[in-house]
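Please read this note with the model open beside you. The points are numbered so that each can be checked in turn.

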Amino acid sequence: MAKLLHLSCSPRPASESSALARVFLDGFRKARPDWDIDVVDIWRDRMPEFEGPIVAAKYARMKAQAFDEAQAASFAEAERMALRFSLAERVLISTPMWNFGIPYKLKQWFDIIVQPGLTFRFDPSQGYLPLLKDRPTLVILASGSDFSTGMNRGRIDMATPYLREILRFIGVSNVRFVPFGPTTGPQAPIEAARESARRRLAAMAASF
Ligand SMILES: Cc1cc2nc3c(=O)[nH]c(=O)nc-3n(C[C@H](O)[C@H](O)[C@H](O)COP(=O)(O)O)c2cc1C
């Protein structure tokens, strides 16, 4: 069954990014009723801390050395997580902006799946090469301030360029961003930004 993977990255029950993800997914389900929607709750699903055998496994891979038992077991976990991603024909990431970047749990997820021989490889003559196939990917990014121009009062949005680059590095270049901000402060600009994001997402869902 065709699958959309949703990485849900806000820990808040009243999350704005999750609410917009629901708007998108309602439209997506109508357009593709036979698709499976696989949700990774980045805060609830088990993810190994990136220390001990899993970090040693990464270095072993980089040096083309064999794994010991603990490294093999922890790398198998990374493989399962990467496989869940690589089997999805569509990807939705809904996330807050935290301190101009992404929540650390989402960074941890990337640290686990971005591994040599798993999602990228290095070739001495060609450099770094992605191992995943491209697929339509949507990022919903909620921020307290309006970062739709990439900046706000001299502060830079580093979540968007980071996500674009890390996804491109593993092979996913077909990425669209729907920013939603402000989510805090006076109500009128919040409502206007929310309405605009909802409209865009409803339209995108029909042909994603
Ligand atoms: C730890 C933390 C850091 C934050 N950093 C930023 C920030 O750098 N820029 C910003 O505009 N909003 C920031 N915010 C506000 C959130 O981006 C905003 O509340 C957003 O709606 C959160 O997404 P959510 O509603 O899906 O949880 C931060 C919030 C938290 C909890």
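1. Arg-46 and Glu-77 form a salt bridge, with the closest N and O atoms 2.5 Å apart. A salt bridge here is a side-chain nitrogen of Lys or Arg within 4 Å of a carboxyl oxygen of Asp or Glu. The pair links distant parts of the chain, 31 residues apart: Arg-46 is in the loop between strand 2 (36-41) and helix 2 (53-62), and Glu-77 is in helix 3 (residues 69-86). Helices (H or I, at least four residues) and strands (E, at least two) are DSSP runs, numbered from the N terminus.

2. The model is predicted; local features need pLDDT of at least 70, side-chain atom pairs count only at pLDDT 80 or more, and totals for chains, interfaces and linings use all residues. Residues are numbered from 1 along each chain as its sequence is written, and side-chain values use heavy atoms, with hydrogens and water left out.

3. Are the two partners of point 1, Arg-46 and Glu-77, buried or exposed? Arg-46 counts as exposed because its relative accessibility is 60%. Glu-77 has a relative accessible area of 18%, so Glu-77 is buried. The cut-offs are under 20% relative accessible area for buried, over 50% for exposed, and partly exposed in between (1.4 Å probe, protein chains only).

4. The structure holds twelve salt bridges. Side chains of opposite charge can pair when their charged atoms come close. One of the bridges joins Lys-107 to Asp-111, with the closest N and O atoms 3.0 Å apart. Both residues lie in helix 4 (residues 104-113), four residues apart, which is about one turn of the helix. Lys-107 is partly exposed, at 32% relative accessible area, and Asp-111 is partly exposed, at 29%.

5. A network of salt bridges links Lys-3, Asp-38, Asp-45 and Arg-84.

6. Strand 4 (residues 120-123) pairs with strand 5 (residues 127-130) in the antiparallel sense, over four bridges. Two strands pair if DSSP finds at least two bridges between them. The two strands form a hairpin, with three residues between them. Arg-121 has Leu-129 in strand 5 as its bridge partner. Arg-121 also meets Asp-123 through their side chains in a salt bridge (3.9 Å, N to O). Arg-121 is partly exposed, with a relative accessible area of 38%, whereas Asp-123 is buried, at 15%.

7. What makes up the nonpolar surface patch of about 290 Å²? Met-151, Ile-156 and Met-158 make it. Patches are made of residues with over 30% relative accessible area and no salt bridge; like charges are joined within 9 Å, and nonpolar side chains (Val, Leu, Ile, Met, Phe, Trp, Tyr) within 5 Å. Ile-156 is found in strand 8 (residues 155-156) and counts as partly exposed, at 47% relative accessibility.

8. The protein has six helices and nine strands. Its radius of gyration is 18 Å, close to the 17 Å that the globule rule gives for 208 residues, so the protein is as compact as a globular protein of that length. The radius is taken over C-alpha atoms, and the rule is 2.2 Å times the number of residues to the power 0.38. Of the 208 residues, 49% count as buried.

9. The protein exposes about 10,600 Å², and carbon and sulfur atoms supply 54% of that area. Accessible areas come from the Shrake-Rupley method with a 1.4 Å probe; for residues, only the protein chains shown count as cover.
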